[in-house]
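Visitor: I would like to learn how to read the packing of helices and sheets in a model. Could we work through one?

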Amino acid sequence: MPPRLQRTASFTDIDYTLRRQFKKDSFRPFQREIILAALHGHDVFVQAATSFGKSLCFQIPAVIDHGMTIVISPLLSLMMNQVEALRAANVDARTLNSNTPIQERDYIYQDLQTGHPRTRLLYVTPELCSGDHFRKRIQIVHQQKELARIAVDEAHCISEWGHDFRKDFKRLSWFRESFPDVPIMCLTATANSAVRNDILSTLGILRGDRLKQFTMTAQRPNLHLEIRYTSDEANDRFDNFVTWLRGVYARRSDSARLPELQAVNERVDNVPGIIYTISRDECDMLAASLRHNGIGARPFHAKLSKEQKSDTLARWIANEPGWDIIVATTAFGMGIDKENVRFVVHWRLPKSFEGYYQEAGRAGRDGNAAFCFLYYSREDRDRNFSLLARDIAREGSAGKPNAEARKESLGKLVEYCENVEGCRHAFICRYFGEEKVPECDFACDWHKDADGLKKRMRLGLASEEWVSTQREEGRYDNQEEYWSE
Ligand SMILES: Nc1ncnc2c1ncn2[C@@H]1O[C@H](COP(=O)(O)OP(=O)(O)OP(=O)(O)O)[C@@H](O)[C@H]1O
């Protein structure tokens with residue numbers, strides 16, 4: 001391993017940093033091992049379930065080690081949340097992206113130009129890393145031996161086999177080529193073995209003895225996973241959901257539960273949740289209909305102004321009355337970290353298996369039980385495949401590398417939805433290449449009532465014959481309005 005110049009090697013008391021700077025009492029399993037591997041200069045690959053606490057694994061080394069850490073992340077909202085939280089903890093964290101105000105941008109570039117930046121963590125997009133302007137300044141920092149580490153968050157975006165492939169992530173190979181002595185960390189919640197290998201070889205960290213891999217289960221045992229079968233004809237999502245939610249409110253207001261809520265000053269209807277839809281129109285309409293029924297729901301999608309989005313997010317996070325449920329497109333996804341989300345509902349079939357699991361992973365981050373249900377219809381399945389084929393054709397050669405992966409991932413999600421013969425958690429873990437069947441404590445619809453599940457599927461779905469006749473007539477083709485983030 002190439003020697004690394006360090007002014008300090010005082011990373012013995014990582015517990016102190018955890019408590020003092022991050023205000024956490026103890027490490028979660030494996031966080032300590034991961035952090036120590038990073039501090040010892042290893043390249044580190046971390047695959048762990050949503051809400052595991054992956055961010056801390058690069059934030060603590062960044063605070064302890066000498067020099068600056070670059071964090072590459074695909075999501076502006078995620079970067080901004082993390083930077084805000086770090087700054088509140090007195091860490092000099094900053095972000096450079098298309099939204100950074102000009103004054104802040106100038107400050108950061110001047111800071112980098114000195115070669116001895118004050119910034120400890122610099123969050124950037126992969127697109128920015130491809131630019132010469134940025135690269136030249138990072139070279140200066142490296143020459144001064146002040147480039148501590150590169151952390152690639154949501155690393156599955158590197159892989160053409162991943163559902164969320166972004167081509168600028170491929171160019172991150174530049175870091176190892178240019179700075180062979182600087183360790184790289186990459187972290188993801190959703191990678192199968194093909195994605196994992198792709199990530200490691202693209203970043204150039206697969207070979208040699210520098211790499212330490214930490215691959216943990218993808219399972220989230222506190223998520224109650226359920227598929228709700230429906231059809232175009234039944235069109236019963238709204239009534240089904242509202243009945244379910246009112247049932248939750250009723251249980252919270254019964255004589256046993258109410259005093260507990262009153263003691264902690266919690267409203268009966270403070271049951272935070274997210275409903276994922278696929279189109280902006282459906283998102284707006286659904287939020288309005290829920291509000292019309294006295295349920296505090298707000299839309300969140302790409303066409304809302306920046307101010308509207310941040311206002312909605314802030315009020316939802318603060319548990320304000322009237323802001324209990326976010327009805328969102330996938331513009332609201334990876335990285336959302338509100339601890340008491342009690343349910344995530346997929347109103348429509350998502351585009352990929354990984355996307356589904358990432359979004360479901362926003363629920364129950366406090367470790368308490370949370371419900372994740374997905375309304376599945378065969379008509380939506382056919383719409384998704386039709387739109388995916390259209391997108392792939394439109395993207396031409398640019399989309400080709402991961403066209404197969406996207407089709408496969410959607411196909412697996414369909415298989416998962418139509419699976420009534422086994423545990424949902426086990427299906428998910430197998431998808432991510434885990435051999436061990438996880439324990440499921442009645443936390444999926446199959447374990448709760450296998451016979452009832454089969455019956456619900458039989459009665460709830462349109463028959464394959466009917467759907468295929470409709471499909472042949474082109475009924476599910478070209479429904480442009482169906483997908484819009
Ligand atoms: N040791 C710890 N003790 C208590 N809370 C922790 C600890 N480590 C992390 N957390 C908290 O757990 C939550 C989830 O962490 P984080 O956002 O890093 O998850 P993640 O693994 O990146 O998940 P995702 O992949 O879903 O984004 C955060 O609120 C974080 O503050």
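Guide: We will take sheets, helix pairs and the ligand shell in turn. Bear in mind that this is a predicted model.

Visitor: What is the strand order of the open sheet of seven strands?

Guide: Strands of a sheet pair through backbone hydrogen bonds, either parallel or antiparallel. Here the seven strands pair in parallel, and the order is β3-β4-β2-β5-β6-β1-β7.

Visitor: Which strands stand at the edges of that sheet?

Guide: β3 (93-96) and β7 (211-215) do. Each has a single partner strand, so one side of each has no neighbour in the sheet.

Visitor: How many bridges pair β5 with β6?

Guide: Three bridges pair strand β5 (residues 147-152) with strand β6 (residues 184-188), in the parallel sense. For a residue to look at, take A151, whose bridge partner in β6 is M185.

Visitor: Which strands does α2 touch where it packs on the sheet?

Guide: α2 touches β1 (43-47), β5, β6 and β7. The direction of α2 makes about 155° with that of β1.

Visitor: At what angle do α2 and α3 pack?

Guide: Read the angle together with the axis distance. Helix α2 (residues 31-39) and helix α3 (residues 54-64) pack at about 45°, and their axes are 9 Å apart. Because angles of 65 to 115 degrees would count as roughly perpendicular and those under 35 as roughly parallel, α2 is oblique to α3. The crossing of α2 and α3 is right-handed.

Visitor: Which residues make the contact?

Guide: From α2 come Q31, I34, I35, A38 and L39, and from α3 come L56, C57, F58, I60, P61 and I64. By class, this contact of α2 with α3 has ten nonpolar residues, one polar and no charged ones.

Visitor: Which residues come nearest to the ligand?

Guide: K24, T50, G53, K54 and S55 come nearest, out of 17 residues around the ligand. The largest share of the shell, three residues, is from α3. By class, the shell has five nonpolar, seven polar and five charged residues.

Visitor: What is the strand order of the open sheet of six strands?

Guide: The order is β8-β13-β12-β9-β11-β10, again with parallel pairing. β8 (223-229) and β10 (297-300) are at the edges with a single partner strand each, so one side of each is left without a neighbour in the sheet. Neighbouring strands in this sheet are turned by 15° against each other on average, direction ignored.

Visitor: Where does F300 find its opposite residue in β11?

Guide: F300 stands opposite A328. Four bridges join β10 to strand β11 (residues 325-328), and the two run parallel. Helix α13 (residues 280-292) packs on this sheet, touching β9 (273-276), β10 and β11. The direction of α13 makes about 170° with that of β10.

Visitor: How is the crossing of α16 and α17 to be read?

Guide: The axes of helix α16 (residues 378-395) and helix α17 (residues 403-418) come within 11 Å and cross at roughly 175°. Since angles over 145 degrees count as roughly antiparallel, α16 is roughly antiparallel to α17. In this contact R381, N384, F385, L388 and I392 of α16 meet A403, R406, K407, L410 and V414 of α17. By class, there are six nonpolar, one polar and three charged residues.

Definitions and conventions:
Residues are numbered from 1 along each chain as its sequence is written. This is a predicted model: local features need pLDDT of at least 70, side-chain atom pairs count only at pLDDT 80 or more; totals for chains, interfaces and linings use all residues. Axes are lines fitted to C-alpha atoms, for helices over the stretch in contact, and angles run from 0 to 180 degrees between N-to-C directions. A crossing is left-handed if the near helix is turned anticlockwise from the far one by less than a right angle, and right-handed if clockwise. Two residues are in contact if their C-beta atoms, placed from the backbone, lie within 7 Å. Ala, Val, Leu, Ile, Met, Phe, Trp, Tyr, Cys and Pro count as nonpolar, Asp, Glu, Lys and Arg as charged, and the others, Gly among them, as polar. Two strands pair if DSSP finds at least two bridges between them. A residue is near a molecule or strand if its C-beta atom, placed from the backbone, lies within 6 Å of it.
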